[in-house]
Amino acid sequence: MQVTTPEMEPTPFRRDLLRLEPAGLYCPAGDFFVDPWRPVDTAILTHGHSDHARFGSKRYFAEASSESILRSRLGKEIDLAPKEYGERWKLGNAWVSLHPAGHLLGSAQIRIEVAGRVAVVSGDYKRQPDPTCVPFEVVPCDLFVTESTFGLPVFRWPSPESVFDSIHRWWRENQAAGRTSLLMAYALGKSQRLLAGLDASIGPICLHGAVHGPTQLYRNQGVSLPETFTVSQAAKDFDWSRCLVLAVPSAQGTPWLRRFGEVSTAMASGWMAIRGTRRRRAVDRGFVMSDHVDWPSLLQTVKETSATTVWVTHGFSNVVARYLREHGLSPGNTLDASPLETQFQGDAEDSEEISSSPEDETGS
Amino acid sequence: MNFAELYRQLDESNKTGEKLSSLVDYFGQASDDDAAWAVFFLTGRRLPQPAPNKILRSWATEEAKIPDWLFEETYAWVGDLAETMSCILPTSTSSEKFSLSDWVKRIRRLRGMDESDQRAALNDLFDQIDERDRFPMMKLITGAMRVGVSQGLVVRALAKVSGLSNETIAHRLMGDWEPSADAYSRWIDPDTADADLSQPYPFALANPLEGDVAALGDANAFLAEWKWDGIRSQLIRRSGTTYLWSRGEERLDGKYPEIEASAADLSHDCVLDGEILGWKEDQPLPFADLQRRIGRKTIGKKLLLEVPVRFVAFDLLELDGVDWRSRSQQERRAKLEEVLGTEQGTFRISEQIHATSWSQLALLRETARERKAEGLMLKRLDSPYQVGRVRGHWWKWKIEPYTIDAVLIYAQRGHGRRAALYTDFTFALWDNGVLVPFAKAYSGLTDQELTEVDRFVRANTQEKFGPVRSVTPHIVMELAFENIQLSNRHKSGVAVRFPRIVRWRHDKTINDADRLEDLKRMISTR
């Protein structure tokens with residue numbers, strides 16, 4: 001087997017447009033960072049997950065509908081300038097605009113234009129329909145920065161309809177067997193996407209505290225979600241067996257679950273597509289649902305942007321970069337692709353395994 | 001429910017009760033033909049592989065239109081060939097369901113085709129089935145099913161479906177059979193007077209003894225014997241013919257001609273339970289010597305001379321056509337001595353260790369290693385011969401293993417549940433300032449520790465050799481193993497048996513790890 005070796009430096013590309021600095025992806029022409037992992041003067045954020053939105057920068061820009069999420073996570077007092085999708089503004093010599101990434105509410109791709117050359121930093125994104133956020137928009141560019149969380153050809157997402165069918169069937173089976181349905185997913189993004197797709201006529205839906213907070217933020221932004229309640233609102237003799245409880249993965253195996261009696265556990269994540277990762281979670285059911293691109297959509301997106309240079313970040317970056325480099329996307333067109341070492345985790349296979357504190361909700 | 005659905009249910013569940021009810025549901029509604037094949041696969045049997053993995057891989061890779069290296073990367077990450085292939089094949093729109101016996105027919109047809117016909121047939125096969133059925137189908141093609149179902153669970157399900165006892169079903173599933181509707185109706189036939197001369201009985205298995213031996217009660221209620229490290233087997237002598245079975249239900253006929261010759265001299269028809277051991281100068285040979293005879297189709301004169309074997313009998317299951325299993329251990333043992341005497345040809349009777357107290361036995365157990373035994377077996381004198389591993393009747397009381405502190409130097413991804421983690425480790429010991437690999441170990445760490453080691457491996461990889469990574473020597477672990485002997489097949493010059501991880505020695509640096517000579521000294525002090 002041939003082994004791909006990571007290249008230490010991405011292919012240089014108009015160094016005044018975008019380059020990698022110790023603090024993160026930096027645009028010298030505009031003197032700002034995208035999703036920096038250290039405090040900087042100016043940060044533009046793609047979305048509110050903790051590996052992308054970090055505390056301590058002096059000034060933030062982000063999409064307007066993500067404002068309340070960011071303030072709840074980074075602090076009410078942060079200096080945050082909200083921007084609408086498509087609104088163009090100038091920072092130094094760079095024109096900047098935000099475009100929908102379809103990852104979660106307010107998630108954005110950052111388009112940066114300097115002297116007629118365009119870079120797009122897509123953050124985390126997906127191409128599947130999701131009623132809780134604006135769908136991904138293809139933004140033509142010269143340099144495209146893509147995630148590769150699920151960048152292997154075994155990852156192909158089933159349609160959300162078929163996944164919700166399976167979830168509903170599971171829920172009903174549990175009701176018939178007198179078991180509470182415990183569905184685990186990340187608190188921000190995935191949980192609300194699930195909520196929006198659940199058929200609330202089947203039974204009551206209860207939220208774990210860590211899920212309830214972000215869900216309220218979504219509702220305040222006008223996202224329509226079915227009625228829910230939290231454990232503290234339930235009567236003492238409440239019959240949990242008809243209920244679906246939406247909780248964070250770290251709730252698994254904690255005393256918090258005792259109240260529910262007999263429970264069937266399930267997890268909604270892209271990792272559930274693979275038997276090994278599913279079994280390691282030790283849940284009764286795994287539902288394949290991800291807020292990241294799968295392999296076919298990743299290739300399709302790179303092609304649609306008509307980028308000639310691609311930087312591949314968090315995930316299977318070496319594999320994806322090598323594939324793009326060697327196989328391009330259309331015959332005769334070579335693509336300049338290289339892996340980029342970042343500190344984004346996406347849905348890093350570990351983060352899901354290790355997350356033990358309810359605060360840990362690294363992007364899903 | 002078709003077989004693929006059963007497979008999914010079994011695979012998804014980690015609760016025995018749920019698995020049992022899935023099996024009962026399936027057997028309750030499957031055709032006899034399908035049910036027989038399901039038993040065949042679920043009890044770990046497999047079809048002769050219809051096409052070599054190499055051809056399957058290249059077929060799947062081409063169909064997926066991906067380069068070979070990408071297939072390798074993906075497979076290394078997924079850790080399961082059948083799963084990798086079923087996930088990368090082009091999507092199919094079919095939702096056709098086939099019965100298991102149909103599947104088997106189609107898979108069998110692949111055998112003997114030339115490669116291009118095979119590819120075409122595989123495309124047909126996978127285009128026509130529901131996409132979710134692909135993985136179980138691929139599993140049947142590549143061989144190992146491994147879906148977390150024990151033979152015992154299949155037995156229980158069939159017993160439930162048929163209303164027969166577990167013992168009857170277990171017995172009927174022993175030995176050679178061809179999966180067919182006939183076979184299935186035989187298994188669940190309420191008429192239990194069935195006879196197949198070669199059919200062995202299900203083996204009784206021992207539980208490991210943990211904790212204080214005195215908790216077992218009175219030492220005099222037990223038969224104590226040495227626990228040997230050989231090939232557990234059942235010798236059947238019926239109507240003038242000898243059948244020799246291994247515990248893995250493999251026929252050993254022809255592999256141990258000296259035992260079969262002695263069996264022909266037996267004065268009774270009988271079924272004996274015992275251990276085949278390499279034996280020379282009135283003591284057992286190390287297992288590694290016996291291993292030279294395992295897997296050989298024909299045994300040459302030289303090997304017969306170098307590794308002669310004995311059948312050490314310890315139980316009598318049948319005598320002159322009568323099933324003795326329900327009689328007590330004491331009765332069976334007495335009868336065994338009567339039938340066999342202490343020694344007859346290559347037969348030895350397992351020595352009974354006479355002791356009247358646990359402390360006496362504990363002292364004797366300390367001498368097991370010099371007697372080339374693994375420890376003691378303790379069997380309740382009033383127990384019948386059990387089917388499988390039933391607690392409370394047979395105990396294995398092994399001697400403490402050898403242990404050594406070794407350095408982790410290579411790591412490889414695991415399989416199945418551990419596929420995404422680096423969990424298969426190679427350990428090394430110091431030899432003149434160099435770390436020499438000597439053992440591989442997989443088991444013994446908690447899931448949390450495995451995640452931690454995995455992270456270390458990723459962050460400290462020096463080189464990648466295919467799926468294997470060499471790792472900066474830093475982690476020291478205590479390994480335990482059962483036995484050790486010199487070996488010229490190993491780089492280190494020694495071979496250890498059943499190595500496993502006891503604990504992660506966070507308190508030790510690599511300089512504190514043991515030396516190869518420490519390990520070799522263990523051989524000489526045996």
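The axes of helix 6 (residues 81-88) and helix 9 (residues 134-142) of chain B cross at roughly 135° and come within 8 Å. I took axes as lines fitted to C-alpha atoms, for helices over the stretch in contact, with angles from 0 to 180 degrees between N-to-C directions. Helices (H or I, at least four residues) and strands (E, at least two) are DSSP runs, numbered from the N terminus.

The model is predicted; local features need pLDDT of at least 70, side-chain atom pairs count only at pLDDT 80 or more, and totals for chains, interfaces and linings use all residues. Residues are numbered from 1 along each chain as its sequence is written, and chains are lettered from A and ligands numbered from 1 in the order in which they are written.

I listed the contacts (C-beta atoms, placed from the backbone, within 7 Å). Leu81(B), Ala82(B), Glu83(B), Met85(B) and Ser86(B) of helix 6 meet Arg134(B), Phe135(B), Met138(B), Lys139(B) and Thr142(B) of helix 9 in chain B.

Next I turned to chain A. Its open sheet has 7 strands in the order 7-8-9-10-11-18-19, with mixed pairing; two strands pair if DSSP finds at least two bridges between them. Strand 7 (88-91) and strand 19 (336-339) of chain A are at the edges with a single partner strand each, so one side of each lacks a neighbour in the sheet. Strand 10 (residues 117-121) and strand 11 (residues 143-148) of chain A run parallel, joined by 3 bridges. Ala119(A) is opposite Leu143(A) in strand 11 of chain A.

Methods: Contact = placed C-beta atoms within 7 Å.
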